[in-house]
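Hi,

Here is the structure I promised to pass on. Have a look at it first, and then read on for what turned up.

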Amino acid sequence: MADRKGQPAGQHSPAHDPETSTPAETASRYRQAAAHYRDLAECGDYEGCEYVRDEMAMCRCQLAAAGRLDLIGVGGV
């Protein structure tokens, strides 16, 4: 099964490949996901929030591994 971008299910698009994303790109994805999360929560779409929260967690882990949590306003964690 493929997703709406034609990628095999469970596969990241090249633009979201954690192996090649820069910390700045990852931080941007985190901020976009956080804004989307706020919108979903405001509308009461809590199931949608779960998926977005996973994206945020993945971005946070990638930034932590790169030592760049400062890009999303988290220091020393």
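Predicted model: local features only at pLDDT ≥ 70, side-chain atom pairs only at ≥ 80, totals over all residues.

At 6% relative accessibility, Arg29 counts as buried, and its side chain makes a polar contact of 2.9 Å with the side chain of Glu55.

Now the overall layout. The secondary structure comes to two helices and zero strands. The chain has 77 residues, of which 25% are buried. Among the contacts with a separation of 6 or more, 39% are between residues 24 or more positions apart.

Helix α1

Helix α1 has 21 residues, which at 1.5 Å a residue should span 30 Å; its end C-alpha atoms are 30 Å apart, so the two values agree. The buried residues of α1 are Thr26, Ala27, Arg29, Tyr30, Ala33, Ala34 and Leu40. Seen down the helix axis, the buried residues of α1 fall within an arc of 155 degrees, so they line one face. On the face turned away from that buried side you will find the exposed residues Gln32, Arg38, Glu42 and Cys43. The cover over the buried residues of α1 includes α2. Just after α1 comes Gly44, with a positive phi of about 80 degrees.

Helix α2

The 20 residues of α2 should span 28 Å at 1.5 Å a residue, and its end C-alpha atoms are 28 Å apart, which agrees. Buried in α2 are Gly48, Cys49, Val52, Met56, Cys59, Gln62 and Leu63. These residues cover an arc of only 145 degrees around the axis, so they lie on the same side of α2. The face turned away from the buried side of α2 carries the exposed residues Tyr46, Glu47, Tyr51, Asp54, Cys61 and Ala65. What covers the buried residues of α2 includes α1.

The core

Which residues touch the most other members of the largest nonpolar core? They are Tyr30, Val52, Met56, Leu63, Leu69 and Ile72, out of 13 residues in that core. Both α1 (23–43) and α2 (46–65) supply at least two residues each. As a general point, nonpolar side chains tend to be buried together in soluble globular proteins.

The cysteines

How many disulfides does a search of the whole structure find? The search finds zero. For Cys43, the closest cysteine sulfur is that of Cys49, 9.2 Å away, which is too far for a bond because a disulfide needs the two sulfur atoms within 2.5 Å. Cys61 is in no disulfide either, and the nearest cysteine sulfur to it, in Cys59, is 9.5 Å away. Cys43 counts as exposed because its relative accessibility is 66%, the cut-off being over 50%. Cys61, with a relative accessible area of 55%, is exposed as well.

Best wishes

Key
Residues numbered from 1 in each chain as written. Heavy atoms only, no water. Core = buried A, V, L, I, M, F, W, Y, C linked by side-chain atoms within 4.5 Å. Buried < 20%, exposed > 50% of the residue type's maximum accessible area, 1.4 Å probe, protein only. Helix = DSSP H or I, 4+ residues; strand = E, 2+ residues; numbered from the N terminus. Expected span 1.5 Å × (residues − 1). Arc of directions from axis to C-beta. Contact = heavy atoms within 4.5 Å. Polar contact = N/O pair within 3.5 Å; in protein donor to acceptor, adjacent residues only side chain to side chain.
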